[in-house]
Amino acid sequence: MNELPTVIVLAAGGGFRFTGRGHKLAQDLGESSVLGTTLGQVVASRLPAIVVTTSALAEIAARHVASRDVVILPPVDSTSAEPLGMGYSIAAGVAARANSPGWLILPADMPLIQPATLLAVAAQLGQYPAAFAQYRGRRGHPVGFAAELYSELIVLSGGDGARRLLSRYPSAAVEVDDRGVLLDIDTEADLSLLRRVAAGSPEVPQAPAVPLP
């Protein structure tokens, strides 16, 4: 069994609200892509990681992690009556690393999250069934779950993700000095904001809270 929890990077969503050319995770961000930058932060944390994605983004993922650490799901169809959803992606990641002592759930469109934040949340899973990062009192990502919740995580499906588990089990709120825990990408405006933040712009509005998985 691994001594450290596994980071499950969720990169299988369709990103249908993003109207720019191409998938939002493939967009340029600095010297890399959005997905590449997120994975770079995860790799820098030295935590075990697995990427749950689709074939369209698998090549980008494979540039940053080993092929054995990439789980490829069926492509998302915006016309489907029953999309796989975030819950399905979480369950797939947990199943692929069933022997891990815990899992950190990190959406791939949060490239500014800091490695120290991942480690801070991971450290709480030895004491709590669940933990999440927060910035100035506002909940963000990653959200972590200890191995004792395996049976609940493995049956997740649909779009609700694991949010309900945070209300059912004691959770640690980990305060971090990292506004990247609140910054995700849904629209072109979001991407523009992240690019300004990444470039060190001093005139960036306060980030909205992102929904937990």
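# Exercises on a predicted model

Ser89 touches Leu10, Ala12, Val52 and Leu73, leaving aside residues up to four places away in sequence. The model is predicted. The exercises start from this residue.

## Exercise 1. Placing Ser89

Task: State which helix Ser89 lies in, and decide whether Ser89 is buried or exposed.

Solution. 

Step 1. Ser89 lies in helix α3, residues 85–96.

Step 2. The relative accessible area of Ser89 is 8%. Buried means under 20%, so Ser89 is buried.

## Exercise 2. Strand β8 and its partners

Task: Work out how many bridges join β7 to β8 and how many join β6 to β8. Name residues that stand opposite each other.

Solution. 

Step 1. Strands pair through backbone hydrogen bonds, either parallel or antiparallel.

Step 2. Take β7 (residues 130–135) and β8 (residues 138–146). Five bridges join them, and the two strands run antiparallel. Gln134 stands opposite Arg139 in β8. Phe132 stands opposite Val143 in β8.

Step 3. Look at the link. β7 and β8 form a hairpin with two residues between them. Arg136 in the turn has a positive phi of about 50°.

Step 4. Take β6 and β8. Four bridges join this pair, which runs antiparallel. Leu104 stands opposite Gly144 in β8.

Step 5. Check the cover. Seven of the nine residues in β8 are buried, and the strand is mostly covered.

## Exercise 3. The packing of α1

Task: Find the angle at which α1 packs with α4 and with α2. Classify each pair, then list the residues in contact.

Solution. 

Step 1. Start with α1 (residues 34–45) and α4 (residues 115–124). Their angle is about 55°, and their axes are 8 Å apart. α1 is therefore oblique to α4. The crossing is right-handed.

Step 2. List the contact. From α1 come Gln41, Val42, Ala44 and Ser45; from α4 come Pro115, Leu118 and Leu119. By class, this contact has five nonpolar, two polar and no charged residues.

Step 3. Turn to α1 and α2 (residues 55–62). The angle is about 45°, with axes 9 Å apart. This makes α1 oblique to α2. The crossing of α1 and α2 is right-handed.

Step 4. Leu35, Gly36 and Leu39 of α1 meet Leu57, Ile60 and Ala61 of α2. Five of these residues are nonpolar, one is polar and none is charged.

## Exercise 4. Two loop residues

Task: Where do Ile113 and Leu156 lie, and what does each touch?

Solution. 

Step 1. Ile113 lies in the loop between β6 and α4. Its relative accessible area is 0%, so Ile113 is buried.

Step 2. Ile113 and Val181 are 68 residues apart in sequence, yet 5.5 Å apart in space, C-alpha to C-alpha. Beyond four places in sequence, Ile113 touches Gln41, Leu106, Leu118, His141, Pro142, Asp178, Gly180 and Val181.

Step 3. Leu156 lies in the loop between α5 (150–153) and α6 (163–168). At 6% relative accessibility, Leu156 is buried.

Step 4. Leu156 and Ala91 are 65 residues apart along the chain, and their C-alpha atoms are separated by 5.7 Å. Beyond four places in sequence, Leu156 touches Gly87, Tyr88, Ile90, Ala91, Gly161, Ala162 and Arg164.

## Exercise 5. The whole chain

Task: What share of its residues is buried?

Solution. 

Step 1. Of the 213 residues in the chain, 50% are buried.

Step 2. Consider contacts between residues at least 6 apart in sequence. Of these, 72% join residues at least 24 apart.

Note on methods: Residues numbered from 1 in each chain as written. Predicted model: local features only at pLDDT ≥ 70, side-chain atom pairs only at ≥ 80, totals over all residues. Heavy atoms only, no water. Axes fitted to C-alpha atoms, helices over the stretch in contact; angles between N-to-C directions. Parallel < 35°, antiparallel > 145°, perpendicular 65-115°, else oblique. Left-handed = near helix turned anticlockwise from the far one by under 90°. Contact = heavy atoms within 4.5 Å. Nonpolar A, V, L, I, M, F, W, Y, C, P; charged D, E, K, R; others polar. Buried < 20%, exposed > 50% of the residue type's maximum accessible area, 1.4 Å probe, protein only. Pairing = 2+ DSSP bridges.
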